[in-house]
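Dear colleague,

I am passing on the structure below, and I would be grateful if you could look through it alongside my notes. The notes follow directly after it.

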Amino acid sequence: MKPNISIIIPAYNVAAYLDACLESVLAQEFLNEQYEVIVVDDGSTDDTSIIADSWSKRMPNIKVVHQPNQGLSMARNNGLQQAQGQYVLFLDADDTLRPRSLTRPLSLAMRNELDVLRFQYGVYDESGKKKQASRTWGPRETVLDGKEYLSYQKVFRAYVWTYLIRRTLIMNEVCPLWFEKGVYYEDVRWTPIMLWYTQRMMICDEEVYQYKLRDGSITHVQTLEQAQINIEHQFQTLERLQQLKKEYNSWTLFNRQIWNMCESIITTIAKRDYANRYNYLKRLEPMMQTTPYDAHLFGCVDRMKIGIIRLSAILYCRLRHYC
């Protein structure tokens, strides 16, 4: 019998965190036949592989895949190739799941034959103190399609680990949704495409995922080259959104996502003193000045931000950087 859920855990040099991650999975209180865990050791040079193998020897439903270092995207892809579950959950090895939190979301997904279920997450520091809770807009426990879900989001967070996803949605024969190799912040490109193909999804308020802030994570440690690659990928996503807007004539939906992506790029730029910051902003300005927005969908602060961006992205960047 195939499991209900496959939990895919890419792992690279996370020896200090992997035990806690796997213990949090066991705390879900699933029967062994209901779930499988796939740890993808991405060429770790510390004790990650040893720890993962020791868990696999003790727990038959924990599988370990060893690969040469290829990055997070390929680790997820290789995990998907091994997965057998009806649903897939991606879990970063330095994060955890809240105890006994997955049972109801998974039941909702299976009972309603969903493609995707969006659950909530909390942001925690390394001492375990909660710093932030996720915000998601839209009706709760109501069947939506992915486009409807996107249209509700005032700010879109692309984190792939906030979703339970039907495996066949990703691994379909016509257009499998692989993660692109070597892309930093690959969720920014992958998640909107996944949602675009989603026919049935729900939002639930169960906090499942516990995101841990730590200094060594990829979101905190970036070389200048990596950050610039990330920005270029966001520009490519922005161009793709413009193409889709024309193809599907869905102006409201795509204008909202275009604005979210523009602000994401500007925020990324504003946090770092790039020598070519001016060039990035000049590339954005024409798009922002010509993309309409539905004022009633935005709050007062957001409307003010959009007004400043349309006037001058450079001014907005300076305000974000120095205020």
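Predicted model: local features only at pLDDT ≥ 70, side-chain atom pairs only at ≥ 80, totals over all residues.

How many disulfides does the count come to? If a disulfide is taken as a pair of cysteine sulfur atoms within 2.5 Å, the count comes to zero.

Residues are numbered from 1 along each chain as its sequence is written, and side-chain values use heavy atoms, with hydrogens and water left out.

On the charged side chains, the structure holds nine salt bridges, each being a side-chain nitrogen of Lys or Arg within 4 Å of a carboxyl oxygen of Asp or Glu. Among them is the pair of Arg 76 and Asp 92, whose closest N and O atoms are 3.6 Å apart. Because Arg 76 lies in helix α3 (residues 72–82) and Asp 92 in the loop between β4 (87–90) and β5 (96–97), this pair ties together parts that are 16 residues apart in sequence; helices (H or I, at least four residues) and strands (E, at least two) are DSSP runs, numbered from the N terminus. Arg 76 counts as buried at 1% relative accessibility, and Asp 92 counts as buried at 15%.

Another salt bridge joins Glu 207 and Lys 130, at 2.6 Å from N to O, and it links strand β9 (residues 201–212), which holds Glu 207, with strand β7 (residues 130–133), which holds Lys 130, the two residues being 77 apart. Glu 207 is buried, with a relative accessible area of 12%, whereas Lys 130 is partly exposed at 39%.

Arg 140 and Asp 205 also meet in a salt bridge, at 2.8 Å from N to O. Arg 140 lies in the loop between β7 and α5 (146–152) and Asp 205 in strand β9, so the pair ties together parts that are 65 residues apart in sequence. Arg 140 counts as partly exposed, at 30% relative accessibility. Salt bridges with shared partners also join Arg 76, Asp 92 and Asp 187 into one network.

How values were computed
Buried < 20%, exposed > 50% of the residue type's maximum accessible area, 1.4 Å probe, protein only.
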